[in-house]
Amino acid sequence: MSVSLTVVEPRRIHISFVCFYSLVSYFHSCTAFYLPGLAPVSFCDESSAGEDCQSEIELFVNRLDSVESVLPYEYDVFDFCQDTKERRPSENLGQVLFGERIESSPYKFKFNEDFKCKKVCTKTYKKGARQDMAKLDFLKMGMQLNYQHHWIIDNMPVTWCYDVEDGQKYCNPGFPIGCLVTMDGRAKDACVINSEFNKKNTFYVFNHVDIKITYHSGAAEGWRGARLVAATLEPKSINTDQTNPTCEGPPMEVPVDFDNDVSILYTYSVTFSEDNSIKWASRWDYILVSMPHTNIQWFSIMNSLVIVLFLSGMVAMIMLRTLHKDIARYNQVDQEDAQEESGWKQVHGDVFRPPRKGMLLSVFLGQGTQIFIMTFITLFLACLGFLSPANRGALMTCAVVLWVLLGTPAGYVSARLYKTFGGEKWKTNVLLTALLCPGIVFADFFLMNLILWVEGSSAAIPFGTLVAILALWFGISVPLTFVGAYFGFKKAAIEQPVRTNQIPRQIPEQSFFTKPIPGIVMGGILPFGCIFIQLFFILNSIWSHQMYYMFGFLFLVFIILVITCSEATILLCYFHLCAEDYHWWWRSFLTSGFTAVYLFIYGVHYFFSKLQIVGAASTILYFGYTMIMVLIFFLFTGTIGFFACFWFVNKIYSVVKVD
């Protein structure tokens, strides 16, 4: 399968007011401008259709997913009505990696042409036919696990809007295949919406949809045609006459036990309505505003931000005042009195002694730098609206392409630090930088892909795409890493402000809090505290299939995380140096990197408390992908802490007088 890095169709990109957009306007009324050449599609009646205005509206179907299973499936895997001339738009790399499989559907209609109860097809399952039994069993499995359709019209998700608590309306970008009433009469999932779904041990399949298209007319604004601003539907279960369907009657029942032949007629109705109060640029707002818990969590997020900023300010103030006094005391005239004291100056001859396993540390730091720059650029572009939910797969595509192109800084940082540590095995260093961490991620990803392939999931990456990813890695990323390493080794080693003694100084007995493990465990608490609320939204978007759109705030949290990791690591590093423990290289990396351990613990908690995932395959997939996230986050936060501490140690030892 060929991989295209282009967007599926032309679309206009909503530009926000840099990063404070999500804080100030909450995705409302802050539209600035649209990029030229990416215009919306205009629709008009069939009689006036032309090159700039089309009459036929295409409904595309995407893969089906469930909150009870990590395994998504293609639309064709279920025995639904299929398009006679099936077309698949070209998908970008991000869509392929995320398991999106968009294809044309048999639901056809033209702009502003209403109709009621149009037949799509009839699916008949004969008792005793093994193939029919397998198809019906798979359909029942989908209803039991609450698998959801995802339909697309004009790049907009077709939403199912319904009332929730407190009179609020929630618009779900998917709707269920059907639902189940259990043997004890308990209505599961969508079966609670209709009191007629009450027969025990019975499935109810949603075989009819009422589609409503809302459009914004350009007649009063000087442009031709109309633009679609909303697409909603209401799924229904109707057992109607199959010869002359009226879409009225009792629910379409499918018994759990396959005792008789089953025949399911699929139908649909379409209505159009005009609403000129909704602008095309704001057509996603009704979906985003209805997201659950957003208003409730908003105040918690703001409180967390204020607390983290306050703690960061306190840490910075303490460090500045204490350090100022220390430097003044160490630089006083009476050097003999100063020498008798204990403190961080006493280890000046050992503080820059190369660490053990310097090769591995430099490799981690090179990879961490690559991830840091990739994350910063991706979030910044997302913050500007380039990677919005409308631009399907763009977030993952951008991240992968950036990672591939950022091999040079990874090789440079790794080689420069390895040379500073006195390392001479430059070939091993550059090979490990290019292959170690990406190799671990790819091996994990490949094993997860094997499970998806065995289960027949649409999320299984095609062989051609795997080859393309390997080509990007070995054909672009690895050579760029070698280029960066070449320049890194060519430059002189980083000059330290003080000389290193030949004989290592003995480290005095440490208290409990200055021992390595307690310090490292404490160091990750504060950085995790500033991200765990955002983590809830991110995990919801990944595993509960909710849209994530607060990139502006996520960028601010990213900045706060960088500041917090830096200050927490510097503070603990200072305490350890004051206790005359000069082994700060690895400790600075692990102190902030330990945030990833808290991330893993939170992932376990989220799995057991929030998710309803069942099945061994889904559980393995969840923890397999979580381990990839944890490794990337470990390298990312560890690198931040190390370079902050490296700068701090160089700074303080360059301003004191050393005999």
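By class, 14 nonpolar, 6 polar and 6 charged residues make up the lining of the second largest pocket; Ala, Val, Leu, Ile, Met, Phe, Trp, Tyr, Cys and Pro count as nonpolar, Asp, Glu, Lys and Arg as charged, and the others, Gly among them, as polar. The model is predicted: local features need pLDDT of at least 70, side-chain atom pairs count only at pLDDT 80 or more, and totals for chains, interfaces and linings use all residues. Residues are numbered from 1 along each chain as its sequence is written, and side-chain values use heavy atoms, with hydrogens and water left out.

Strand β15 (226-236) is among the contributors of at least two lining residues, and β15 gives the most, with 5 residues. Strands here are DSSP runs (E, at least two residues), numbered from the N terminus.

Turning to the disulfides (pairs of cysteine sulfur atoms within 2.5 Å), the count comes to 5. One of them joins Cys 161 to Cys 171, with an S to S distance of 2.1 Å. This pair links distant parts of the chain, Cys 161 in strand β9 and Cys 171 in strand β10 (residues 169-172), 10 residues apart. The torsion about the S-S bond of Cys 161 and Cys 171 is about 110°, so this disulfide is right-handed. Cys 161 is partly exposed, at 24% relative accessible area, whereas Cys 171 is buried, at 4%; buried means under 20% relative accessible area, exposed over 50%, and partly exposed in between (1.4 Å probe, protein chains only).

Key:
Helices (H or I, at least four residues) and strands (E, at least two) are DSSP runs, numbered from the N terminus.
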